[in-house]
Amino acid sequence: MSTATSSTATQVLFDAPGPKGRRRILLLSVLSMLAIAALLAGALWQFHANGQLDPNKWIVYLRVDYLAFLGQGLWGTLKVTAIAAVVAFPFGLLLALARISRFSLLSGAAITWIEFFRGIPMLLVVYAFLLALPAFGVTFPRFWMLVIPMILVSSASTAEVFRAGIKAVDIGQHEAAAAIGLSRRDAMFSVVLPQAVRLVLPSLILALVTLLKDSTLGYVVSYNELQFQGKTLVSITRYLVQTYLVVSLIYIVINFLLTRIALVLDARMKARAASS
């Protein structure tokens, strides 16, 4: 898509602000930044007034044993996120293919799966594995009581990501594949899917961010992920504010890095599409 076309599409979505509108937006932006700065200053003042900024309450997080303890939790978080993604993403692709299938029974089953797990909170799925299934004699280790719900919920949302990617591939690609004699199946796997996967790659990385956040539900099943380790550390140090700020900072850094990777990939693909 050219720059001119992109600009036209943007104007269709909303009117470009005029001089007054731009001044109003600038004023609101400045006021918002000032309000945020005031809130941060107020929070720091409250922390200072209550002794929460005492260096002795922060220096403990440089201890090797505490860092190793949080490192174990971080490893647990990364492990469940990686395994859930490795299973959920291919499963989501299969669900997307099933949903667009010409076989109504297969398509209906995929739609039911996708809509059900997209509409149910993952916390309820975790509780089902923790409380409901054991009542029927079905039990899993703590690790899988967290990973399986992550896979079930993520596969449904990822299926829609893949379906959107398949639909986004230009119809001309389908026609070109048919023109050279490829069957619908061969065209899908040889021509359409490789392009669709490239299109949705940034979205898949953002889905990975969502999985990372979902891993915090490990506290429900007492799995030793980062937040659960932080909770345990609070009971040891009695420093609730400091511990959860440190844990939050770790999550922010990881999510920031993943988001930046997604943005870079998205920018590269847009640049490649513009030059082609």
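**Helices, patch and salt bridges**

Reply: Leu27 sits in helix α2 (residues 19-49); helices are DSSP runs of H or I, at least four residues, numbered from the N terminus. This is a predicted model: local features need pLDDT of at least 70, side-chain atom pairs need 80 or more, and totals for chains, interfaces and linings use all residues. Residues are numbered from 1 along each chain as its sequence is written, and side-chain values use heavy atoms, without hydrogens or water.

Me: Which residues make the nonpolar surface patch?

Reply: Leu26, Leu27, Leu28, Val30, Leu31 and Leu34, about 580 Å². Patch residues have over 30% relative accessible area and no salt bridge, with nonpolar side chains (Val, Leu, Ile, Met, Phe, Trp, Tyr) joined within 5 Å and like charges within 9 Å. Areas are Shrake-Rupley, 1.4 Å probe, with only the protein chains shown as cover.

Me: New topic. How many salt bridges are in the whole structure?

Reply: Seven. The criterion is a Lys or Arg side-chain nitrogen within 4 Å of an Asp or Glu carboxyl oxygen.

Me: What does Arg118 pair with?

Reply: Glu160, with the closest N and O atoms 3.6 Å apart. Arg118 is in helix α4 (residues 104-119) and Glu160 in helix α6 (residues 142-168), so the pair ties together parts 42 residues apart in sequence.

Me: Is Glu160 buried or exposed?

Reply: Buried, at 15% relative accessible area. The cut-offs are under 20% for buried, over 50% for exposed, and partly exposed in between. Arg118 is partly exposed at 47%.

Me: Which residues are in the salt-bridge network?

Reply: Arg99, Glu115, Arg118, Glu160 and Arg163. Arg163 bridges Glu160 at 3.0 Å between the closest N and O atoms.

Methods: Helix = DSSP H or I, 4+ residues; strand = E, 2+ residues; numbered from the N terminus. Buried < 20%, exposed > 50% of the residue type's maximum accessible area, 1.4 Å probe, protein only.
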